[in-house]
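Hello,

Here is the structure I promised to pass on.

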Amino acid sequence: MKFRKIELKNFRQFYGDQSITFSTNKTKNITLIHAENGTGKTAFLNAILWCFYEMSTSNFKDPKILLNKIAKSENAKSYSVSIEFENDKGDVYLAQRGFSQNNQVFRVFEVINDSYKEVDKPNSFINSVIPKDMAKYFFFQGEGIGKMSGSKGDSVVKIAVREILGFTIAELALKDIQSVKREYQKSFSNSDKSGQLSKLQNEIMSLEEIIERSKEQLDDYSKTIAMYNEKLEVIEYKLSNSDSAVIKQIHNQRKSTESQLTREQHLLTNARKEKRTLISEFATTVFGFELSGLALDFIDEAEYKGTLPAPYNEQLVTDILKANLCICGSDIKPGSEAFSRIQDMLKQAADPMLENRIRKARSQLTSIKNDSAKAKSRFSNNIKMLADSEISISKLKLDLDELNIKIKGAESLEDIQGLENERNRAKNNLIQDERASERATIQIEVNQKTLALRKGELNRLDTFSLEMQKYKKLVNYCEKVENVLKSTLSASEKDVELRIIEKVNKYLEQFVRQDYKAKLNPATFDIRLVDKNNHIVPESDGQALLLNLTFIASLIELSRERKNAQGQILTPGAIAPFVVDAPFGDLDNKYKGHVAKAIPDSVEQVILLLSSSHWEGTVEQNIREKVGVEYNMVLEETSESKSKDSDSITILNKDYETVRYGKSVDRTVLEKVGSYV
Amino acid sequence: MTSLDEFKQLLLEAEKAASIPQDKYHEMARKLVNIERQSFYGDESTVRRLSRIREEINSAVKKGDVNEV
């Protein structure tokens with residue numbers, strides 16, 4: 001999409017009819033608008049946002065008072081903004097928002113051979129061209145987006161990424177499907193006459209709500225943990241690079257002691273884990289050791305020797321005697337010698353089942369006896385390891401306390417003390433949040449297990465009425481759609497993390513002097529600069545702004561790549577003009593030049609609103625050949641100049657006034673100063 | 001004749017199409033997002049939006065029943 005023309009009528013300081021025809025040229029794709037402070041750069045940007053979406057930037061004062069003051073004093077009641085644009089196929093449209101007779105009207109027309117065909121549902125149409133959530137990144141207020149890093153950076157970046165991906169709509173759909181599912185769950189409960197199933201269903205609903213809340217809580221903990229970790233990293237960096245050699249040395253010593261402590265704590269945790277494993281592995285051995293000795297003695301008693309294992313099967317011998325018939329076929333009469341011999345065999349006979357059981361018991365008891373020796377040595381080692389780790393940990397903690405006291409005691413270094421206090425606070429908060437996070441994780445696991453059990457119970461019950469069966473199917477269906485939405489959102493967020501950071505780094509490589517890279521914290525979405533050792537670098541104001549601009553450029557690029565995303569759950573991206581108001585703020589001259597050069601290469605059409613301080617020098621040198629048309633915003637004042645110096649701007653060696661005094665009305669006029677296409 | 005670039009483009013499009021899950025739940029998720037989009041950017045009331053969502057789910061579940069038979 002490209003802008004062709006904008007017309008402003010009595011909109012803020014633009015009295016009467018004012019217009020700009022933009023450059024739609026492919027190579028000279030910049031429309032440059034020179035405007036000194038206070039002439040109307042921000043109002044111009046807001047005219048676009050108001051026309052398309054009836055919204056404004058945060059730095060636009062009195063956003064509801066849009067009628068020009070002079071026009072109002074002349075009893076005019078109407079103001080409007082019209083934007084003519086073309087889509088990728090070259091179709092031309094005109095969007096018009098106007099206010100007249102206490103009524104605001106927004107209309108969009110398709111322009112075909114100078115005739116105007118009104119588009120049905122203009123809001124939906126404009127949002128299909130550039131969704132409202134994405135608009136603020138294309139129509140961009142240079143100072144408005146805030147920092148990408150630091151305490152508020154997380155939400156800024158996260159929101160931006162989600163908006164450019166069109167998460168807003170998918171998340172609303174998720175909320176709706178969850179609420180419809182709850183309705184069906186309630187209807188299921190209400191249609192249960194026995195009350196038994198509804199009890200189970202209510203328990204499921206309440207568990208689902210608890211899990212959802214706990215997950216949100218866990219998410220918050222992950223963010224704060226990541227934030228404290230980053231804060232600590234920055235403090236560590238500052239302390240490591242302290243001007244004081246003593247502090248530097250003590251701090252490095254402390255860092256190494258802390259690493260040792262972490263290692264020891266890790267060893268202690270492992271030793272404790274091993275202790276638990278040993279107990280479960282050798283519990284029978286330990287508790288059965290005494291018993292095994294006694295039992296083996298009992299089985300080995302001399303009177304049982306020769307009986308167990310027995311040479312004869314007791315059942316067989318008894319059967320022969322009962323039948324008076326030998327297995328060889330001869331008769332055995334009671335009282336005969338053969339009968340007596342066979343009867344004697346009973347003394348040494350045994351039940352084979354019993355024999356088998358005793359054999360097993362003996363083997364088990366023998367293994368317990370053998371294991372006991374092994375268990376003893378492993379338990380002794382484990383106890384020693386636990387004791388050693390505990391001693392090392394308490395020693396390292398004492399060492400650390402001492403080093404902390406030394407750093408705190410640096411009386412002459414107030415900033416170091418400040419950093420130390422900050423570090424302690426961050427550490428304490430980190431520990432608290434880590435514990436809370438562990439508790440929340442365990443709670444979620446427990447509740448998820450219970451939920452699965454309850455759902456299983458409900459599914460196994462087959463006493464549903466027809467009505468209940470209907471609601472059960474509806475609930476199950478909603479749940480499946482809910483899972484699709486959830487998994488799509490989470491997978492897309494992960495994917496975009498990688499793509500955004502790759503793009504930001506591509507830009508940074510061109511812009512930043514030092515060997516710095518951008519790193520995105522996946523928990524907080526905070527983007528920070530890191531040095532070659534992957535340590536966070538505290539950014540200067542200029543570097544922070546540079547990071548902002550590269551991030552915005554990356555978002556626009558990502559949106560362009562997603563333009564043709566078809567049939568997806570997330571909104572397809574948009575290709576739109578990049579309208580930038582005062583983007584270069586704190587950047588030094590070199591950075592300004594680099595950024596100015598990169599912007600027209602990364603988008604199809606650029607509309608730059610610049611004051612002379614931003615324009616003159618490196619910016620002009622880098623983008624001059626890409627400027628298609630050039631305008632000047634001139635402030636016209638009714639007051640006389642008196643002793644004021646004349647204000648002007650030099651464009652291609654020619655001076656143009658930026659302020660004119662003694663005019664008939666106070667207003668801003670848009671004047672074309674050059675066209676190069 | 002198809003140029004290499006065109007061929008690459010076709011492959012990319014095929015890959016993209018293949019990567020979009022086509023099961024009935026994904027289809028429904030897409031439908032619901034569209035209803036949501038129309039409501040968010042248009043002027044449809046919450047009640048109307050939720051009722052459209054219910055209609056879609058009801059009809060999909062009924063259809064499922066018929067298919068199962």
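A:Phe138, A:Ile556, A:Arg560, A:Ala574, A:Ile575, A:Ala576, A:Val603 and A:Glu604 form the lining of the second largest cavity. Please keep in mind that this is a predicted model. The volume of that cavity is about 40 Å³. Its lining counts six nonpolar and two charged residues, with no polar ones.

How many cavities of 30 Å³ or more turn up in the whole structure? The search finds two. The largest cavity has a volume of about 90 Å³, and its lining includes A:Tyr507, A:Phe511, A:Leu549, A:Phe578, A:Val595 and A:Ser602. Three helices of chain A, namely H13 (466–511), H14 (541–561) and H15 (589–602), each contribute at least two residues to this lining. By class, the lining of the largest cavity has nine nonpolar residues, two polar and no charged.

At least two lining residues come from each of helix H7 (196–240), helix H8 (245–299), helix H11 (352–408) and helix H12 (414–460) of chain A. Here the lining divides into 11 charged, seven polar and five nonpolar residues.

I also looked at helix H1 of chain A, residues 41–53. With 13 residues at 1.5 Å a residue, helix H1 should span 18 Å, and because its end C-alpha atoms are 18 Å apart, the model agrees with that expectation. Is H1(A) mostly covered or mostly open? Mostly covered: 12 of its 13 residues are buried. Among the buried ones are A:Phe44, A:Leu45, A:Ile48, A:Trp50, A:Phe52 and A:Tyr53, and A:Lys41 and A:Asn46 are buried too.

Finally, a word on confidence. Chain A has a mean pLDDT of 84, and 92% of its residues reach 70 or more. Residues 149–153 of chain A, however, have a pLDDT below 50, and this stretch makes 11 contacts in the model beyond near neighbours in sequence. Where pLDDT is low, predicted coordinates should not be read in detail.

Happy to talk any of this through.

Best wishes

How values were computed
Residues numbered from 1 in each chain as written. Chains lettered and ligands numbered in written order. Predicted model: local features only at pLDDT ≥ 70, side-chain atom pairs only at ≥ 80, totals over all residues. Heavy atoms only, no water. Helix = DSSP H or I, 4+ residues; strand = E, 2+ residues; numbered from the N terminus. Expected span 1.5 Å × (residues − 1). Buried < 20%, exposed > 50% of the residue type's maximum accessible area, 1.4 Å probe, protein only. pLDDT = per-residue confidence, 0-100. Contact = heavy atoms within 4.5 Å. 1 Å grid on protein atoms, 1.4 Å probe; cavity = no way out; pocket = protein on both sides within 12 Å on 5 of 7 lines; lining within 4 Å. Points joined across faces, edges and corners; volume = space filled by probe spheres on them. Nonpolar A, V, L, I, M, F, W, Y, C, P; charged D, E, K, R; others polar.
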